[in-house]
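Have a glance at the model first, then go through the points below.

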Amino acid sequence: MDNTRISLRPFNIADANNLFTWANDENVTYYLRWNTITSIEAARNYIQQVVIPHPWRRSICLDDRSIGYVSVRPESESDQNHRAHIGYAIGSDYWGQGIVTKALKMAIPIVFNDFPNLVRVEALVEPQNIGSQKVLEKVGFKKEGFLRKYGFNKGEIRDMFIYSFLSTDQIL
């Protein structure tokens with residue numbers, strides 16, 4: 001994949017059709033906390049009500065066409081604003097091409113710049129999600145531990161690995 005074709009940018013309403021294309025795939029949304037998007041109207045509403053108000057969510061674009069996202073949410077408590085959670089997804093047609101790895105390598109320095117008090121970015125990954133674990137490790141995230149019955153997703157409590165990237169860490 002030619003990395004010059006990959007970019008990050010804020011979402012806009014015009015992305016609804018593209019978002020619907022990849023967010024309508026249960027393989028993509030299986031590990032996500034939000035459900036599969038079932039219509040273009042639902043995609044438009046999701047962009048308006050969830051994506052645009054989000055503190056930091058960017059569209060992963062291929063030739064400026066939305067094919068996924070990266071989102072970072074800082075902890076809300078004033079004494080915890082040194083830490084944030086990162087999440088991401090990409091359309092299944094693009095899995096295994098290094099696009100998410102490239103997008104995260106682009107996003108991390110921007111996030112630390114946009115949130116100057118941020119020291120730590122965390123990612124929670126289910127043990128079965130091997131692809132996501134590989135992405136984090138290729139970027140330079142460190143696997144810190146296994147959290148038993150930690151995350152609630154799609155009606156069940158699931159085990160998670162926790163990864164972190166510190167502001168002092170080097171992107172690989």
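Accessible areas here come from the Shrake-Rupley method with a 1.4 Å probe, and for residues only the protein chains shown count as cover. On that basis the protein chain exposes about 9100 Å², with carbon and sulfur atoms supplying 49% of it. Bear in mind that this is a predicted model: local features need pLDDT of at least 70, side-chain atom pairs count only at pLDDT 80 or more, and totals for chains, interfaces and linings use all residues. Residues are numbered from 1 along each chain as its sequence is written, and side-chain values use heavy atoms, leaving out hydrogens and water.

**Overall fold**
- The protein chain has 5 helices and 7 strands, taken as DSSP runs (helices H or I, at least four residues; strands E, at least two) and numbered from the N terminus.
- Starting at the N terminus, the order is β-α-α-α-β-β-β-α-β-α-β-β.
- The radius of gyration is 15 Å, close to the 16 Å from the globule rule for 172 residues, so the chain is as compact as a globular protein of that length; the radius is taken over C-alpha atoms, and the rule is 2.2 Å times the number of residues to the power 0.38.
- Of the 172 residues, 45% count as buried (under 20% relative accessible area; exposed is over 50%, partly exposed in between; 1.4 Å probe, protein chains only).

**Cores**
- A nonpolar core is a set of buried Ala, Val, Leu, Ile, Met, Phe, Trp, Tyr and Cys residues joined through side-chain atoms within 4.5 Å.
- The largest one has 32 residues, and I60, V70, I86, L104, L136 and F141 have the most contacts inside it.
- Helix α4 gives this core its largest share, 8 residues.
- A second, separate core of 16 residues includes F11, L19, A23 and Y69.
- Leaving aside residues up to four places away in sequence, F141 touches I86, I108, V121, A123, L136, Y163, S164 and F165, with contact meaning heavy atoms within 4.5 Å.

**Helix α4**
- Buried residues of α4 include L104, A107 and I108.

**Out on the surface**
- Q49 sits in helix α3 (residues 40-51) and counts as exposed at 58% relative accessibility.
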